[in-house]
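Visitor: Please take one part of this model and look at it closely. Then connect it to the rest of the fold.

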Amino acid sequence: MSRFWSPVVGTLSPYVPGEQPKLQNLVKLNTNEHPYGPSPKVLEAIRAACDDTLKLYPDPSSDRLRQAVATAVGVAPGSVFVGNGSDEVLAHAFLALLKHERPLRFPDITYSFYPVYCGLYGIDYETLPLTDDFRIDVEDYLPGRHGQAGAIIFPNPNAPTGRALTLAEIERVVAANPDTVVVVDEAYVDFGAESAIPLTARYDNLLVIQTLSKSRSLAGLRVGFAVGSPALIDGLERVKNSFNSYPVDRLASAGAVAALEDVDYFERTRQAVIQTRERMAAGLAALGFEVLPSSANFVFARHPSRDAAQLAASLRERSIIVRHFRLPRIDQFLRITVGTDAQCDLLLKALADIL
């Protein structure tokens, strides 16, 4: 504590990002980064953008990037908002759209940044428990069971479980809450789930947020976007322009546009991740792990007779890093990012030796 802090600072419980260790010969499977590098066209675009124009501010509206997103997902540019990673887009959504008299609702086991944003912005919230098999229960998000929510947010696929709702299930939630904003956080959607973006044409209360960090291999570039009705997008723009008029720099914009336009590379590499995920899940199951069905670029698994923290520590001794959450209900699970086939083999061999 410092006497110079504003009162809110002492009350915050900041988000703890995944570790970025500096170990030799590291097999890094803890932060859900893409195992393959970005499209070569991304690197070309960034190099081309490294010129004298860097002395100028970027376009505050990011029109070229918004057009590229709109083309990629099949909407009008006016339905697109872009920001410095999906975390910034989420932060603006919490302040612009999710703070109301009634509490915000989201799952009890989910992206751990959500309660952090609530603490930062003074948003009341309620968490609803996942089912015993770690699914989001759609009935919990309909007004009949718990009354009207102030707003609703959930990831699809959920994190850290990897389980996904169908598009029909998402539409039930959105349609049943016409006067409530529903935010669907689709950071991992490209690895096996159905995007809710098509629903935004029919429901003005739906905002869908995605990132280029995962399926486009651009975690180091920080670009995210939201798709929704013009009124929702205007709310995000008003907050953005009260915070930072230039959130997407020239290099990030150039690289993001190139990534969105290189559809062949995107499809090839995401399919490679999906195939490796299924092989890794099967290998873990063969070693006795319970592996939750995953539609993301990670798996969530636990062993019936081995402590998860000890397993994570034993893997670390072999320079293999996975994510362990010391949280109720999931403290015996490991979240393991899908790496390359070679990294998958090293992981499975190490676990076989440990077990």
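In which sense does H2 pass H8, in a left-handed or a right-handed crossing?

Guide: The model is predicted, so local features need pLDDT of at least 70 and side-chain atom pairs count only at pLDDT 80 or more, while totals for chains, interfaces and linings use all residues. Residues are numbered from 1 along each chain as its sequence is written, and side-chain values use heavy atoms, with hydrogens and water left out.

The crossing of H2 past H8 is left-handed. That means the near helix is turned anticlockwise from the far one by less than a right angle; clockwise would be right-handed. Helices (H or I, at least four residues) and strands (E, at least two) are DSSP runs, numbered from the N terminus. H2 covers residues 63-73 and H8 residues 250-261; they pack at about 20°, with axes 9 Å apart. H2 is therefore roughly parallel to H8, a label for angles under 35 degrees. Axes are lines fitted to C-alpha atoms, for helices over the stretch in contact; angles run from 0 to 180 degrees between N-to-C directions.

H2 brings Arg-64, Leu-65, Ala-68, Val-69 and Ala-72 to this contact, and H8 brings Ser-253, Ala-254, Ala-256, Val-257 and Leu-260. Contact means heavy atoms within 4.5 Å. Eight of these residues are nonpolar, one is polar and one is charged. Here Ala, Val, Leu, Ile, Met, Phe, Trp, Tyr, Cys and Pro count as nonpolar, Asp, Glu, Lys and Arg as charged, and the others, Gly among them, as polar.

Now the sheet. Seven strands form an open sheet with mixed pairing, ordered E2-E8-E7-E6-E5-E3-E4. Strands pair if DSSP finds at least two bridges between them. E2 (80-83) and E4 (125-128) are the edges, each pairing on one side only. Neighbouring strands are turned by 20° against each other on average, direction ignored. E3 (residues 104-107) pairs with E4 in the parallel sense over four bridges. Within E4, Leu-128 is the bridge partner of Pro-107. Helix H3 (residues 85-97) packs on the sheet; among the strands it touches are E2, E3 and E7, and its direction makes about 160° with that of E7.

Finally, E12 (residues 334-337). Four bridges join it, antiparallel, to E10 (residues 298-302). E11 (residues 320-324) also pairs with E12 in the antiparallel sense, over two bridges. Arg-335 is the bridge partner of Phe-300 and of Arg-323. Leu-334 and Ile-336 point one way from E12, Arg-335 and Thr-337 the other way, and all are buried. Buried means under 20% relative accessible area, exposed over 50%, partly exposed in between (1.4 Å probe, protein chains only).

Notes. Angles under 35 degrees count as roughly parallel, over 145 as roughly antiparallel, 65 to 115 as roughly perpendicular and the rest as oblique.
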